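Please view the sequence and the structure together while reading.

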Amino acid sequence: MKSLILFFSAFMLMIAYNPSSKTPDANDGLSSFSASRLEGYIKTLSSDDFTGRKPFTEGETKTVNFLESELKKIGLEPGNNTSYRQNVPLVSMTCVADSFMTIKGAKSKFNLKGYKDYVLWTQHAEGASLEDVELVFAGYGVVAPEYNWNDYEGIDVKGKVVVVFVNDPGFGIGDSTFFKGNTMTYYGRWTFKFEEAARQGAKGCLVIHDDVPASYPFAVVQNNWNSSKLYLGDQNSVNTSCAIEGWISLPALKKLFDASGFNYAEKLSAAHKNGFRAEAMNLKASTKVKATPVYNTSGNVVAQIEGSTHPDEYIIYSAHWDHLGIGKADEKGDSIYNGAMDNGTGTAGLLELANVYMSLKTKPERTVVFLFVTAEEQGLLGSAYYAAHPIFPKEKTVANINIDGLNIKGKVKDISLIGIGQSDLEDYLKQECEKINRYTTNDPLPSAGYYFRSDHFHFAKIGIPALYTHSGIDLVEGGKEKGEQLETEYRAKHYHQPSDEFDPATWQLDGSIDDLKLLFMVGKRLSMESSWPQWKVGSEFKAMRASYMK
(Lines give C-alpha, C1' and ligand atoms only; values in the text may rest on other atoms or scores of the structure.)
Protein backbone atom coordinates (compact mmCIF):
# COMPACT_ATOMS: atom_id res chain seq x y z
CA MET A 1 0.00 0.00 0.00
CA LYS A 2 2.87 2.33 0.90
CA SER A 3 4.50 1.73 -2.50
CA LEU A 4 1.20 2.51 -4.24
CA ILE A 5 0.94 5.79 -2.33
CA LEU A 6 4.52 6.68 -3.26
CA PHE A 7 3.84 5.87 -6.94
CA PHE A 8 0.67 7.99 -6.94
CA SER A 9 2.50 10.91 -5.29
CA ALA A 10 5.32 10.74 -7.84
CA PHE A 11 2.77 10.61 -10.68
CA MET A 12 1.00 13.72 -9.37
CA LEU A 13 4.31 15.58 -9.04
CA MET A 14 5.17 14.63 -12.64
CA ILE A 15 1.88 16.07 -13.87
CA ALA A 16 2.34 19.22 -11.80
CA TYR A 17 5.73 19.93 -13.34
CA ASN A 18 4.93 18.86 -16.89
CA PRO A 19 4.14 22.04 -18.86
CA SER A 20 2.31 20.11 -21.58
CA SER A 21 -0.31 19.00 -19.06
CA LYS A 22 -1.24 22.54 -18.06
CA THR A 23 -4.21 24.34 -19.54
CA PRO A 24 -2.82 27.40 -21.36
CA ASP A 25 -3.58 30.73 -19.72
CA ALA A 26 -6.29 32.43 -21.80
CA ASN A 27 -4.69 35.82 -21.10
CA ASP A 28 -1.15 34.69 -21.92
CA GLY A 29 0.44 37.34 -24.13
CA LEU A 30 -2.21 40.07 -23.83
CA SER A 31 -0.19 42.14 -21.36
CA SER A 32 2.73 42.19 -23.79
CA PHE A 33 1.03 44.48 -26.32
CA SER A 34 2.62 47.92 -26.48
CA ALA A 35 1.04 50.94 -28.18
CA SER A 36 4.31 52.86 -27.94
CA ARG A 37 6.22 50.06 -29.68
CA LEU A 38 3.56 49.91 -32.40
CA GLU A 39 3.80 53.68 -32.82
CA GLY A 40 7.57 53.46 -33.21
CA TYR A 41 7.25 50.91 -35.99
CA ILE A 42 4.65 53.02 -37.81
CA LYS A 43 6.75 56.18 -37.54
CA THR A 44 9.78 54.43 -39.01
CA LEU A 45 7.98 52.69 -41.85
CA SER A 46 6.05 55.81 -42.88
CA SER A 47 8.92 58.28 -42.51
CA ASP A 48 10.08 60.32 -45.49
CA ASP A 49 13.35 58.40 -45.28
CA PHE A 50 11.50 55.30 -46.57
CA THR A 51 10.21 57.33 -49.59
CA GLY A 52 6.80 55.64 -49.73
CA ARG A 53 8.04 52.02 -49.78
CA LYS A 54 7.58 51.43 -53.50
CA PRO A 55 8.99 48.23 -55.03
CA PHE A 56 12.22 48.63 -57.04
CA THR A 57 13.22 51.81 -55.20
CA GLU A 58 15.53 52.68 -52.32
CA GLY A 59 12.35 52.64 -50.26
CA GLU A 60 12.01 48.90 -50.83
CA THR A 61 15.62 48.29 -49.85
CA LYS A 62 15.23 50.18 -46.58
CA THR A 63 11.89 48.57 -45.79
CA VAL A 64 12.98 45.00 -46.38
CA ASN A 65 16.24 45.53 -44.50
CA PHE A 66 14.35 47.06 -41.57
CA LEU A 67 11.85 44.21 -41.42
CA GLU A 68 14.55 41.56 -41.50
CA SER A 69 16.55 43.36 -38.81
CA GLU A 70 13.54 43.71 -36.51
CA LEU A 71 12.48 40.10 -36.95
CA LYS A 72 15.96 38.99 -35.95
CA LYS A 73 15.87 41.27 -32.88
CA ILE A 74 12.50 39.85 -31.85
CA GLY A 75 13.95 36.36 -32.14
CA LEU A 76 11.97 34.85 -35.00
CA GLU A 77 13.51 32.21 -37.25
CA PRO A 78 13.85 32.70 -41.03
CA GLY A 79 10.73 31.55 -42.84
CA ASN A 80 12.27 30.49 -46.15
CA ASN A 81 14.77 27.82 -45.10
CA THR A 82 17.72 29.92 -43.91
CA SER A 83 16.47 33.17 -45.44
CA TYR A 84 13.98 35.82 -44.34
CA ARG A 85 13.22 36.63 -47.97
CA GLN A 86 11.34 35.19 -50.92
CA ASN A 87 12.31 36.68 -54.27
CA VAL A 88 9.35 37.80 -56.39
CA PRO A 89 10.09 38.23 -60.13
CA LEU A 90 8.07 41.07 -61.64
CA VAL A 91 7.78 42.77 -64.98
CA SER A 92 6.81 46.41 -65.40
CA MET A 93 4.78 46.68 -68.60
CA THR A 94 4.30 50.10 -70.15
CA CYS A 95 1.45 49.95 -72.65
CA VAL A 96 0.48 52.37 -75.40
CA ALA A 97 -2.94 51.64 -76.90
CA ASP A 98 -4.18 52.95 -80.24
CA SER A 99 -6.27 56.08 -79.99
CA PHE A 100 -9.17 54.36 -81.72
CA MET A 101 -10.75 50.95 -82.21
CA THR A 102 -12.40 50.26 -85.56
CA ILE A 103 -15.69 48.37 -85.44
CA LYS A 104 -17.10 46.76 -88.59
CA GLY A 105 -20.61 45.40 -88.94
CA ALA A 106 -22.66 44.10 -91.84
CA LYS A 107 -24.12 47.56 -92.45
CA SER A 108 -21.88 49.93 -90.50
CA LYS A 109 -18.32 50.91 -89.71
CA PHE A 110 -17.30 53.30 -86.94
CA ASN A 111 -14.54 54.06 -84.44
CA LEU A 112 -14.54 53.97 -80.67
CA LYS A 113 -12.19 56.48 -79.07
CA GLY A 114 -9.43 55.42 -76.71
CA TYR A 115 -9.67 56.80 -73.16
CA LYS A 116 -13.19 58.12 -73.74
CA ASP A 117 -14.79 54.81 -74.78
CA TYR A 118 -12.30 52.17 -73.69
CA VAL A 119 -9.07 51.49 -71.80
CA LEU A 120 -6.87 48.64 -73.04
CA TRP A 121 -3.62 47.00 -72.00
CA THR A 122 -1.70 43.75 -72.51
CA GLN A 123 0.38 41.47 -70.34
CA HIS A 124 2.28 40.22 -73.40
CA ALA A 125 5.80 41.64 -73.74
CA GLU A 126 5.58 41.64 -77.54
CA GLY A 127 2.39 43.71 -77.53
CA ALA A 128 -0.89 42.65 -79.12
CA SER A 129 -3.22 43.49 -81.96
CA LEU A 130 -6.75 42.77 -83.12
CA GLU A 131 -7.37 42.53 -86.85
CA ASP A 132 -11.04 42.06 -87.69
CA VAL A 133 -11.53 39.88 -84.62
CA GLU A 134 -15.09 38.77 -83.85
CA LEU A 135 -16.91 40.14 -80.80
CA VAL A 136 -19.01 37.84 -78.62
CA PHE A 137 -21.40 38.97 -75.89
CA ALA A 138 -20.94 36.51 -73.02
CA GLY A 139 -23.22 37.91 -70.31
CA TYR A 140 -21.29 38.08 -67.04
CA GLY A 141 -18.49 35.84 -68.29
CA VAL A 142 -19.05 33.48 -65.37
CA VAL A 143 -18.38 29.77 -65.01
CA ALA A 144 -19.52 28.81 -61.49
CA PRO A 145 -20.07 25.05 -61.01
CA GLU A 146 -21.57 25.40 -57.51
CA TYR A 147 -24.31 27.60 -59.00
CA ASN A 148 -24.70 25.38 -62.08
CA TRP A 149 -23.83 28.42 -64.19
CA ASN A 150 -21.80 28.60 -67.41
CA ASP A 151 -22.01 31.68 -69.59
CA TYR A 152 -19.72 30.02 -72.17
CA GLU A 153 -21.75 26.88 -72.64
CA GLY A 154 -22.47 26.08 -76.27
CA ILE A 155 -20.16 28.66 -77.85
CA ASP A 156 -16.54 28.61 -79.00
CA VAL A 157 -14.75 31.89 -78.24
CA LYS A 158 -11.24 30.81 -79.20
CA GLY A 159 -9.44 33.67 -80.93
CA LYS A 160 -12.36 36.06 -80.34
CA VAL A 161 -13.02 39.02 -78.04
CA VAL A 162 -15.62 38.50 -75.33
CA VAL A 163 -17.66 41.42 -73.99
CA VAL A 164 -18.95 40.87 -70.43
CA PHE A 165 -20.75 42.72 -67.64
CA VAL A 166 -18.96 43.60 -64.40
CA ASN A 167 -20.17 42.04 -61.11
CA ASP A 168 -22.16 38.78 -61.18
CA PRO A 169 -25.66 37.55 -62.12
CA GLY A 170 -27.00 37.98 -58.58
CA PHE A 171 -26.43 41.73 -58.48
CA GLY A 172 -29.42 44.06 -58.54
CA ILE A 173 -32.24 41.52 -58.80
CA GLY A 174 -33.38 41.57 -55.17
CA ASP A 175 -32.78 37.89 -54.42
CA SER A 176 -30.05 37.28 -51.82
CA THR A 177 -30.21 33.51 -52.45
CA PHE A 178 -29.20 33.85 -56.13
CA PHE A 179 -25.41 33.79 -56.15
CA LYS A 180 -25.14 36.08 -53.08
CA GLY A 181 -27.47 38.81 -54.22
CA ASN A 182 -25.80 42.21 -53.97
CA THR A 183 -22.83 40.74 -52.11
CA MET A 184 -20.22 40.27 -54.80
CA THR A 185 -18.79 36.79 -55.25
CA TYR A 186 -15.36 36.10 -56.70
CA TYR A 187 -17.08 35.60 -60.06
CA GLY A 188 -18.05 39.26 -60.08
CA ARG A 189 -14.48 40.57 -59.95
CA TRP A 190 -13.12 41.92 -63.23
CA THR A 191 -9.93 39.93 -62.65
CA PHE A 192 -11.97 36.71 -62.76
CA LYS A 193 -13.51 37.80 -66.08
CA PHE A 194 -10.06 38.09 -67.66
CA GLU A 195 -8.89 34.77 -66.18
CA GLU A 196 -11.97 32.86 -67.35
CA ALA A 197 -11.86 34.39 -70.83
CA ALA A 198 -8.25 33.23 -71.12
CA ARG A 199 -9.21 29.73 -69.98
CA GLN A 200 -11.85 29.71 -72.71
CA GLY A 201 -9.21 30.61 -75.30
CA ALA A 202 -10.41 34.14 -76.02
CA LYS A 203 -7.96 36.56 -77.60
CA GLY A 204 -9.41 39.51 -75.73
CA CYS A 205 -11.81 40.42 -72.96
CA LEU A 206 -13.65 43.73 -72.53
CA VAL A 207 -15.44 44.29 -69.22
CA ILE A 208 -18.44 46.61 -69.43
CA HIS A 209 -18.13 49.44 -66.94
CA ASP A 210 -21.20 50.58 -65.04
CA ASP A 211 -20.75 52.86 -62.01
CA VAL A 212 -23.16 51.05 -59.68
CA PRO A 213 -22.13 47.39 -60.06
CA ALA A 214 -18.47 48.39 -60.40
CA SER A 215 -18.71 50.62 -57.27
CA TYR A 216 -16.54 53.36 -58.80
CA PRO A 217 -16.76 55.74 -61.78
CA PHE A 218 -15.22 55.21 -65.22
CA ALA A 219 -12.70 57.93 -64.32
CA VAL A 220 -10.98 55.39 -62.04
CA VAL A 221 -10.55 53.08 -65.03
CA GLN A 222 -9.30 55.96 -67.17
CA ASN A 223 -6.42 56.48 -64.73
CA ASN A 224 -4.94 53.30 -66.25
CA TRP A 225 -4.82 54.74 -69.78
CA ASN A 226 -1.40 54.05 -71.32
CA SER A 227 0.14 53.54 -67.90
CA SER A 228 2.74 51.17 -66.50
CA LYS A 229 1.53 48.04 -64.69
CA LEU A 230 3.40 45.43 -62.70
CA TYR A 231 2.83 41.73 -63.33
CA LEU A 232 4.36 38.52 -62.07
CA GLY A 233 6.95 36.97 -64.34
CA ASP A 234 10.42 36.99 -65.81
CA GLN A 235 11.76 36.74 -69.35
CA ASN A 236 11.25 32.98 -69.37
CA SER A 237 7.64 33.04 -68.17
CA VAL A 238 4.88 31.66 -70.39
CA ASN A 239 2.01 34.17 -70.55
CA THR A 240 -1.42 32.54 -70.60
CA SER A 241 -3.53 35.71 -70.31
CA CYS A 242 -5.70 37.10 -73.09
CA ALA A 243 -3.66 39.10 -75.60
CA ILE A 244 -5.76 42.18 -74.89
CA GLU A 245 -7.61 43.06 -71.68
CA GLY A 246 -9.57 46.16 -70.82
CA TRP A 247 -12.74 48.04 -70.05
CA ILE A 248 -15.41 49.54 -72.26
CA SER A 249 -17.74 52.33 -71.15
CA LEU A 250 -21.50 51.83 -70.96
CA PRO A 251 -22.21 54.41 -73.71
CA ALA A 252 -19.70 52.64 -75.96
CA LEU A 253 -21.36 49.28 -75.27
CA LYS A 254 -24.70 50.71 -76.31
CA LYS A 255 -23.12 51.78 -79.63
CA LEU A 256 -21.98 48.20 -80.14
CA PHE A 257 -25.40 46.83 -79.23
CA ASP A 258 -27.13 49.23 -81.61
CA ALA A 259 -24.83 48.09 -84.42
CA SER A 260 -25.54 44.46 -83.51
CA GLY A 261 -29.29 44.93 -83.35
CA PHE A 262 -29.23 44.01 -79.63
CA ASN A 263 -31.60 45.58 -77.13
CA TYR A 264 -29.60 46.55 -74.02
CA ALA A 265 -32.40 46.07 -71.48
CA GLU A 266 -33.28 42.66 -72.94
CA LYS A 267 -29.67 41.44 -72.94
CA LEU A 268 -29.08 42.67 -69.39
CA SER A 269 -32.21 40.89 -68.21
CA ALA A 270 -31.30 37.68 -70.05
CA ALA A 271 -27.80 37.66 -68.52
CA HIS A 272 -29.36 37.34 -65.04
CA LYS A 273 -31.34 34.21 -65.90
CA ASN A 274 -30.54 30.52 -65.94
CA GLY A 275 -30.23 29.31 -69.49
CA PHE A 276 -28.47 32.43 -70.78
CA ARG A 277 -26.44 31.71 -73.90
CA ALA A 278 -23.56 33.79 -75.24
CA GLU A 279 -23.95 34.94 -78.81
CA ALA A 280 -21.96 36.50 -81.61
CA MET A 281 -22.45 40.25 -82.01
CA ASN A 282 -21.80 40.11 -85.77
CA LEU A 283 -19.14 42.77 -85.32
CA LYS A 284 -15.38 42.74 -85.82
CA ALA A 285 -12.80 44.87 -84.00
CA SER A 286 -9.37 46.12 -84.98
CA THR A 287 -6.83 47.93 -82.78
CA LYS A 288 -3.30 47.58 -81.35
CA VAL A 289 -1.47 47.85 -78.03
CA LYS A 290 2.30 48.30 -77.93
CA ALA A 291 4.22 47.13 -74.86
CA THR A 292 7.62 47.84 -73.34
CA PRO A 293 8.65 45.39 -70.59
CA VAL A 294 11.22 45.99 -67.83
CA TYR A 295 12.11 43.00 -65.63
CA ASN A 296 13.15 43.19 -61.99
CA THR A 297 12.87 41.34 -58.68
CA SER A 298 11.12 42.45 -55.50
CA GLY A 299 10.81 40.56 -52.23
CA ASN A 300 8.43 39.10 -49.69
CA VAL A 301 9.74 38.93 -46.11
CA VAL A 302 8.87 35.86 -44.05
CA ALA A 303 9.66 34.66 -40.52
CA GLN A 304 8.30 31.97 -38.22
CA ILE A 305 7.90 30.64 -34.70
CA GLU A 306 8.13 26.87 -34.97
CA GLY A 307 5.28 24.93 -33.36
CA SER A 308 6.07 22.83 -30.32
CA THR A 309 3.81 19.87 -31.17
CA HIS A 310 2.70 20.24 -34.80
CA PRO A 311 5.53 22.18 -36.47
CA ASP A 312 4.35 21.04 -39.91
CA GLU A 313 0.97 22.83 -39.58
CA TYR A 314 0.87 26.57 -40.19
CA ILE A 315 -1.08 29.72 -39.34
CA ILE A 316 0.01 32.60 -41.58
CA TYR A 317 -0.41 36.26 -40.64
CA SER A 318 0.04 38.56 -43.64
CA ALA A 319 0.29 42.27 -44.47
CA HIS A 320 1.68 44.18 -47.44
CA TRP A 321 4.73 46.35 -46.77
CA ASP A 322 4.58 48.39 -49.99
CA HIS A 323 2.96 51.70 -50.86
CA LEU A 324 3.07 54.15 -53.79
CA GLY A 325 6.49 55.78 -53.46
CA ILE A 326 7.08 59.27 -54.87
CA GLY A 327 4.46 60.75 -57.18
CA LYS A 328 2.48 63.85 -58.02
CA ALA A 329 2.92 66.59 -55.43
CA ASP A 330 -0.07 67.83 -53.46
CA GLU A 331 -1.01 71.47 -52.87
CA LYS A 332 1.68 71.67 -50.16
CA GLY A 333 4.38 70.38 -52.49
CA ASP A 334 4.60 67.01 -50.74
CA SER A 335 5.28 64.23 -53.25
CA ILE A 336 6.03 61.32 -50.88
CA TYR A 337 3.14 58.89 -50.53
CA ASN A 338 4.11 57.67 -47.06
CA GLY A 339 1.28 55.17 -46.59
CA ALA A 340 1.20 55.45 -42.81
CA MET A 341 -2.22 53.89 -42.38
CA ASP A 342 -2.14 51.95 -45.66
CA ASN A 343 -0.28 49.82 -44.87
CA GLY A 344 2.27 51.08 -42.38
CA THR A 345 -0.16 50.13 -39.63
CA GLY A 346 -0.62 46.58 -40.91
CA THR A 347 3.11 46.04 -41.36
CA ALA A 348 3.80 47.44 -37.90
CA GLY A 349 0.95 45.33 -36.56
CA LEU A 350 2.63 42.13 -37.76
CA LEU A 351 5.85 43.14 -36.00
CA GLU A 352 3.85 43.84 -32.84
CA LEU A 353 2.15 40.45 -33.07
CA ALA A 354 5.55 38.80 -33.51
CA ASN A 355 6.72 40.40 -30.25
CA VAL A 356 3.63 39.19 -28.43
CA TYR A 357 3.87 35.62 -29.73
CA MET A 358 7.51 35.49 -28.63
CA SER A 359 6.43 36.54 -25.12
CA LEU A 360 4.07 33.58 -24.67
CA LYS A 361 4.75 31.37 -21.67
CA THR A 362 3.10 28.46 -23.49
CA LYS A 363 4.50 28.34 -27.01
CA PRO A 364 2.21 27.69 -30.00
CA GLU A 365 1.75 24.03 -30.88
CA ARG A 366 1.44 24.88 -34.57
CA THR A 367 3.96 27.01 -36.45
CA VAL A 368 3.03 30.70 -36.65
CA VAL A 369 4.25 32.53 -39.77
CA PHE A 370 4.59 36.28 -40.35
CA LEU A 371 4.51 37.12 -44.06
CA PHE A 372 5.15 40.66 -45.33
CA VAL A 373 4.26 40.74 -49.03
CA THR A 374 5.30 43.10 -51.80
CA ALA A 375 3.40 44.87 -54.59
CA GLU A 376 -0.12 44.73 -53.15
CA GLU A 377 -0.76 48.20 -54.50
CA GLN A 378 0.16 46.93 -57.97
CA GLY A 379 -2.36 44.09 -57.94
CA LEU A 380 -1.74 41.78 -54.94
CA LEU A 381 1.37 40.46 -56.68
CA GLY A 382 3.48 39.43 -53.70
CA SER A 383 0.69 37.29 -52.26
CA ALA A 384 -0.12 35.94 -55.73
CA TYR A 385 3.48 34.79 -56.09
CA TYR A 386 3.45 33.23 -52.64
CA ALA A 387 0.23 31.36 -53.46
CA ALA A 388 1.78 30.05 -56.69
CA HIS A 389 5.06 29.18 -54.92
CA PRO A 390 4.08 28.52 -51.29
CA ILE A 391 6.93 28.09 -48.83
CA PHE A 392 4.60 26.16 -46.53
CA PRO A 393 2.38 23.53 -48.22
CA LYS A 394 -1.21 24.64 -48.73
CA GLU A 395 -2.35 21.21 -47.50
CA LYS A 396 -0.68 21.98 -44.18
CA THR A 397 -1.71 25.64 -43.91
CA VAL A 398 -4.56 25.93 -41.43
CA ALA A 399 -5.56 29.56 -42.02
CA ASN A 400 -4.50 33.03 -43.10
CA ILE A 401 -5.18 36.20 -41.10
CA ASN A 402 -4.57 39.35 -43.14
CA ILE A 403 -4.12 42.95 -41.97
CA ASP A 404 -4.55 45.79 -44.45
CA GLY A 405 -4.89 48.91 -42.29
CA LEU A 406 -5.59 49.17 -38.57
CA ASN A 407 -8.07 51.29 -36.63
CA ILE A 408 -6.55 54.73 -35.89
CA LYS A 409 -9.79 56.35 -34.68
CA GLY A 410 -9.63 55.15 -31.07
CA LYS A 411 -11.59 52.54 -29.17
CA VAL A 412 -14.59 51.10 -30.99
CA LYS A 413 -17.24 48.60 -30.00
CA ASP A 414 -17.38 46.83 -33.36
CA ILE A 415 -15.07 45.32 -35.95
CA SER A 416 -16.11 44.77 -39.55
CA LEU A 417 -15.95 41.31 -41.13
CA ILE A 418 -15.14 41.49 -44.83
CA GLY A 419 -16.61 38.65 -46.87
CA ILE A 420 -19.29 37.55 -44.46
CA GLY A 421 -20.37 33.94 -44.83
CA GLN A 422 -17.07 32.60 -46.14
CA SER A 423 -15.41 30.53 -43.40
CA ASP A 424 -15.44 29.35 -39.79
CA LEU A 425 -12.83 31.99 -38.99
CA GLU A 426 -15.69 34.48 -38.76
CA ASP A 427 -17.13 32.45 -35.90
CA TYR A 428 -13.76 32.41 -34.14
CA LEU A 429 -13.67 36.21 -34.33
CA LYS A 430 -17.26 36.60 -33.14
CA GLN A 431 -16.56 34.40 -30.13
CA GLU A 432 -13.50 36.45 -29.17
CA CYS A 433 -15.54 39.66 -29.52
CA GLU A 434 -18.25 38.32 -27.22
CA LYS A 435 -15.68 37.67 -24.47
CA ILE A 436 -14.83 41.39 -24.29
CA ASN A 437 -18.26 42.90 -25.08
CA ARG A 438 -17.45 43.84 -28.67
CA TYR A 439 -19.37 42.78 -31.75
CA THR A 440 -18.82 42.08 -35.43
CA THR A 441 -20.57 43.90 -38.25
CA ASN A 442 -21.00 42.96 -41.88
CA ASP A 443 -18.98 44.33 -44.76
CA PRO A 444 -20.12 47.99 -45.13
CA LEU A 445 -20.22 47.73 -48.94
CA PRO A 446 -20.65 44.05 -49.91
CA SER A 447 -21.30 44.86 -53.57
CA ALA A 448 -17.75 46.23 -53.93
CA GLY A 449 -16.16 42.82 -53.35
CA TYR A 450 -13.53 43.91 -50.82
CA TYR A 451 -12.92 40.28 -49.89
CA PHE A 452 -11.20 39.92 -53.26
CA ARG A 453 -9.13 43.10 -53.03
CA SER A 454 -6.45 42.39 -50.44
CA ASP A 455 -3.73 39.79 -49.99
CA HIS A 456 -5.80 37.19 -48.13
CA PHE A 457 -7.66 36.64 -51.40
CA HIS A 458 -4.81 34.64 -52.92
CA PHE A 459 -4.82 32.32 -49.92
CA ALA A 460 -8.57 31.87 -50.36
CA LYS A 461 -8.07 31.27 -54.05
CA ILE A 462 -5.94 28.19 -53.32
CA GLY A 463 -8.44 26.98 -50.72
CA ILE A 464 -6.92 28.25 -47.47
CA PRO A 465 -9.56 29.80 -45.14
CA ALA A 466 -8.70 33.49 -44.81
CA LEU A 467 -9.86 36.14 -42.36
CA TYR A 468 -9.93 39.83 -43.27
CA THR A 469 -11.34 42.56 -41.05
CA HIS A 470 -11.80 46.29 -41.33
CA SER A 471 -11.91 49.01 -38.71
CA GLY A 472 -15.23 49.38 -36.91
CA ILE A 473 -17.06 52.71 -36.70
CA ASP A 474 -19.03 52.48 -33.43
CA LEU A 475 -16.72 54.67 -31.36
CA VAL A 476 -16.79 54.30 -27.58
CA GLU A 477 -16.62 58.10 -27.48
CA GLY A 478 -18.66 59.59 -30.28
CA GLY A 479 -20.66 56.62 -31.56
CA LYS A 480 -21.32 55.59 -35.15
CA GLU A 481 -21.90 59.10 -36.49
CA LYS A 482 -18.44 60.24 -35.42
CA GLY A 483 -16.88 56.98 -36.61
CA GLU A 484 -18.43 57.28 -40.05
CA GLN A 485 -17.30 60.90 -40.25
CA LEU A 486 -13.67 59.95 -39.52
CA GLU A 487 -13.81 57.03 -41.96
CA THR A 488 -15.21 59.25 -44.73
CA GLU A 489 -12.64 61.93 -43.98
CA TYR A 490 -9.76 59.48 -44.31
CA ARG A 491 -11.05 58.14 -47.62
CA ALA A 492 -11.63 61.63 -49.03
CA LYS A 493 -8.50 63.39 -47.80
CA HIS A 494 -5.79 60.86 -47.08
CA TYR A 495 -6.30 57.52 -48.87
CA HIS A 496 -3.51 57.12 -51.46
CA GLN A 497 -2.46 60.73 -50.87
CA PRO A 498 0.80 62.24 -49.54
CA SER A 499 -1.17 63.24 -46.44
CA ASP A 500 -1.43 59.62 -45.28
CA GLU A 501 1.16 60.32 -42.58
CA PHE A 502 1.35 59.51 -38.90
CA ASP A 503 -0.31 62.33 -36.94
CA PRO A 504 0.18 62.14 -33.16
CA ALA A 505 -2.47 64.83 -32.70
CA THR A 506 -5.29 62.75 -34.22
CA TRP A 507 -4.20 59.11 -34.30
CA GLN A 508 -5.36 56.98 -31.37
CA LEU A 509 -3.56 53.64 -31.38
CA ASP A 510 -5.46 52.12 -28.46
CA GLY A 511 -8.03 51.08 -31.07
CA SER A 512 -5.26 49.46 -33.14
CA ILE A 513 -4.09 47.48 -30.12
CA ASP A 514 -7.65 46.34 -29.38
CA ASP A 515 -8.06 44.96 -32.91
CA LEU A 516 -4.62 43.34 -32.86
CA LYS A 517 -5.59 41.60 -29.63
CA LEU A 518 -8.64 40.10 -31.32
CA LEU A 519 -6.58 38.83 -34.28
CA PHE A 520 -3.98 37.52 -31.83
CA MET A 521 -6.59 35.59 -29.86
CA VAL A 522 -7.99 34.03 -33.03
CA GLY A 523 -4.52 33.03 -34.21
CA LYS A 524 -3.44 31.79 -30.78
CA ARG A 525 -6.53 29.57 -30.56
CA LEU A 526 -5.79 28.16 -34.02
CA SER A 527 -2.18 27.55 -33.04
CA MET A 528 -3.15 25.60 -29.91
CA GLU A 529 -5.93 23.35 -31.24
CA SER A 530 -6.01 20.31 -33.51
CA SER A 531 -9.17 21.11 -35.50
CA TRP A 532 -9.16 22.88 -38.86
CA PRO A 533 -11.48 25.79 -39.78
CA GLN A 534 -13.64 25.05 -42.81
CA TRP A 535 -15.20 27.00 -45.65
CA LYS A 536 -18.91 27.53 -45.23
CA VAL A 537 -21.50 26.03 -47.56
CA GLY A 538 -21.87 28.33 -50.54
CA SER A 539 -18.32 29.66 -50.49
CA GLU A 540 -16.76 29.70 -53.94
CA PHE A 541 -13.49 28.46 -52.36
CA LYS A 542 -14.88 25.37 -50.61
CA ALA A 543 -14.47 23.08 -53.63
CA MET A 544 -10.82 24.05 -54.06
CA ARG A 545 -9.98 23.07 -50.47
CA ALA A 546 -11.93 19.84 -50.79
CA SER A 547 -10.05 18.90 -53.98
CA TYR A 548 -6.77 18.35 -52.14
CA MET A 549 -7.80 17.86 -48.48
CA LYS A 550 -8.92 14.24 -48.78
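In which helix is the place of A219? A219 belongs to helix 6, which covers residues 218-222. The model is a predicted one, in which local features need pLDDT of at least 70 and side-chain atom pairs count only at pLDDT 80 or more, while totals for chains, interfaces and linings use all residues. Residues are numbered from 1 along each chain as its sequence is written, and side-chain values use heavy atoms, with hydrogens and water left out.

**Overall build**

- The protein chain contains 15 helices and 21 strands; these are DSSP runs, numbered from the N terminus, with helices being H or I of at least four residues and strands being E of at least two.
- The radius of gyration of the protein chain is 25 Å, close to the 24 Å from the globule rule for 550 residues, so the chain is as compact as a globular protein of that length. The radius is taken over C-alpha atoms, and the rule is 2.2 Å times the number of residues to the power 0.38.
- Along the principal axes, the C-alpha atoms of the protein chain fill a box of roughly 105 × 60 × 50 Å.
- In the protein chain, 82% of the contacts with a separation of 6 or more are between residues 24 or more positions apart; a contact means heavy atoms within 4.5 Å.

**Surface and charge**

- Of the 550 residues of the protein chain, 54% count as buried. Buried means under 20% relative accessible area, exposed means over 50%, and partly exposed lies in between, with a 1.4 Å probe and protein chains only.
- The protein chain exposes about 23,700 Å², and carbon and sulfur atoms supply 52% of this area. Accessible areas come from the Shrake-Rupley method with a 1.4 Å probe, and for residues only the protein chains shown count as cover.
- The protein chain has 57 positive and 67 negative charges, whose mean positions are 3 Å apart. Lys and Arg count as positive and Asp and Glu as negative, whereas His and the chain ends are not counted; each charge is placed at NZ of Lys, CZ of Arg, CG of Asp or CD of Glu.

**Nonpolar cores**

- In soluble globular proteins, nonpolar side chains tend to be buried together.
- The largest nonpolar core has 91 residues, of which V162 and M281 touch the most other members. Such a core is a set of buried Ala, Val, Leu, Ile, Met, Phe, Trp, Tyr and Cys residues joined through side-chain atoms within 4.5 Å.
- Apart from this core lies another, of 58 residues, including V368, L509, F520 and L526.
- Beyond its neighbours within four places in sequence, M281 is in contact with residues including L135, V136, F137 and V163.

- Most residues other than glycine have a negative phi, and most peptide bonds are trans.
- A cis peptide bond, with omega about 0 degrees, joins D342 and N343; N343 is placed in helix 9, residues 340-359.
- D132 is not a glycine, yet has a positive phi of about 50 degrees. D132 lies in strand 6, residues 128-137, and is partly exposed at 36% relative accessibility.
- L380, also not a glycine, has a positive phi of about 60 degrees. L380 is in the loop between strand 17 (366-373) and helix 10 (381-388) and is buried, with a relative accessible area of 9%.

**Selected residues and their surroundings**

- A219 counts as partly exposed at 41% relative accessibility. Although A219 and S47 are 172 residues apart in sequence, their C-alpha atoms are 31 Å apart.
- C205 is in strand 10, residues 204-208, and is buried with a relative accessible area of 0%. Leaving aside its neighbours within four places, C205 is in contact with residues including V161, V162, C242 and I244.
- D515 is placed in helix 14, residues 510-528, and counts as buried at 4% relative accessibility. Beyond its neighbours within four places in sequence, D515 is in contact with N407, I415, R438 and S471.
- V522 also lies in helix 14 and is buried at 1% relative accessibility. V522 and E426 are 96 residues apart in sequence and 9.6 Å apart in space, C-alpha to C-alpha.
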